[in-house]
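Trainee: I would like to learn how to read a structure feature by feature. Where do we begin?

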Amino acid sequence: MNEQVSKISANDRKLNYFPLGDRGKTVQVLAPATVANLVCGFDVLGMCLNEPNDLMEIKLLDEKKIVIISADGYPLPLDPALNTAGAPLVEMINELPDNIGFEVTIHKKIKPGSGIGSSAASAAGAVVGANYLLNDFFSKPDLVRFAMFGEKVASGVKHADNIAPGIYGGITLIRSIHPLDIVPISSPQLFVTIVHPQIEVRTSDARQILRKEVLLKDAIKQWGNIAGLVAGFIQNDLALIGRSLEDVIIEPVRSILIPGFDEVKLKCKVTGALGGGISGSGPSIFMLSKDKKTAIEVETVMKEIYNKIGLAYHTYVTTINQTGVKIVIG
Ligand code: HSE
């Protein structure tokens, strides 16, 4: 087992269990949007954003059950096993004594199917909030392990490139999920512009259309870019970040689902963005910029393009969230 993952077995946890409760019975968290893949790092790189966030309230229950409440009437599945916040908590309470459960109220602000980590926000917010009420009983890798069950509900497969940055904050490399091996990557404080054209792309569909095999020449380009991007972040080398934001494997297939994609990418770079591409599985597109002025100019370009196409959209200008899920009232 990887050393990051807790070595305490479920039974030991029950035996070594200590009284809970000195942090109260409820907590409110802000669960952030995230950008998975970061263009070239399909399933292995992700970045946490300061905006937008879901607001969630988590309440400790004294019986073994999970209750899901959609506060704003958003049609979320209320069966915990089918809910992206519920499934991780079902896994969590199976490693706790029998008299512990949670009620989760979700104010959904990050639209499902947007490509900015809606399902991961619910999953990460739920496990971080629940763990706060458990006096941080579980480690961060444990929380990622639980939260990935939410991604399985949402897309059919476990991946951690939204979950890990949501829980750790900043930019994370998920070197492996079996065993779990998460590497936080330091970065300059960049500005992020997002445009979310109002169409829904289901992650499961966007995964299904991908080719299952990759040419060696494409793989060589891709791993050169991943290494270049990580080195660029760590060394604060903006030019290296910019030229490494290239994806020769996934983007050519998925970009056809996003109206205006090529024009957005080209014009935003001409405007001064370092680079960018599809956020997660889309349809949102993200661009990185070195300063706020450029990020706002990039937003204007995105708006002009979608106004011209006649497709409704939302935009966000934000920064990298270095802390992940935030406890707002505890
Ligand atoms: N890495 C995943 C994908 C992220 O691109 O399918 C989904 O948000």
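Trainee: Does Ile93 count as buried or exposed, and at what relative accessibility?

Mentor: First, note that this is a predicted model. A residue is called buried when its relative accessible area is under 20%. Ile93 has 4% relative accessibility, so Ile93 counts as buried.

Trainee: Which residues is Ile93 in contact with, leaving aside neighbours within four places in sequence?

Mentor: Contacts of this kind show what a residue meets beyond its own stretch of chain. Ile93 is in contact with Lys64, Lys65 and Ile66, and also with Ile100, Gly101 and Phe102. Take Lys64: 29 residues separate Lys64 from Ile93 in sequence, yet their C-alpha atoms are 7.1 Å apart in space.

Trainee: Which helix does Ile93 lie in, and how many of the residues of that helix are buried?

Mentor: Ile93 lies in helix H2. This helix spans residues 86-93 and is mostly covered, with six of its eight residues buried. The buried ones are Gly86, Ala87, Pro88, Leu89, Met92 and Ile93.

Trainee: Now strands. How do the side chains of a regular strand alternate?

Mentor: In a regular strand, side chains alternate between the two faces of the sheet. As a case to look at here, take strand S7, residues 191-197, which is mostly covered: six of its seven residues are buried.

Trainee: How many helices and strands does the protein have, and why is it called as compact as a globular protein of its length?

Mentor: The protein has 11 helices and 11 strands. Its radius of gyration is 20 Å, close to the 20 Å that the globule rule gives for 330 residues, so the protein is as compact as a globular protein of that length. Buried residues make up 55% of the 330.

Trainee: What share of contacts between residues at least 6 apart in sequence join residues at least 24 apart?

Mentor: That share is 76% in this protein.

Technical notes: Residues are numbered from 1 along each chain as its sequence is written. This is a predicted model: local features need pLDDT of at least 70, side-chain atom pairs count only at pLDDT 80 or more; totals for chains, interfaces and linings use all residues. Side-chain values use heavy atoms; hydrogens and water are left out. Buried means under 20% relative accessible area, exposed over 50%, partly exposed in between (1.4 Å probe, protein chains only). Helices (H or I, at least four residues) and strands (E, at least two) are DSSP runs, numbered from the N terminus. The radius of gyration is taken over C-alpha atoms; the globule rule is 2.2 Å times the number of residues to the power 0.38. Contact means heavy atoms within 4.5 Å.
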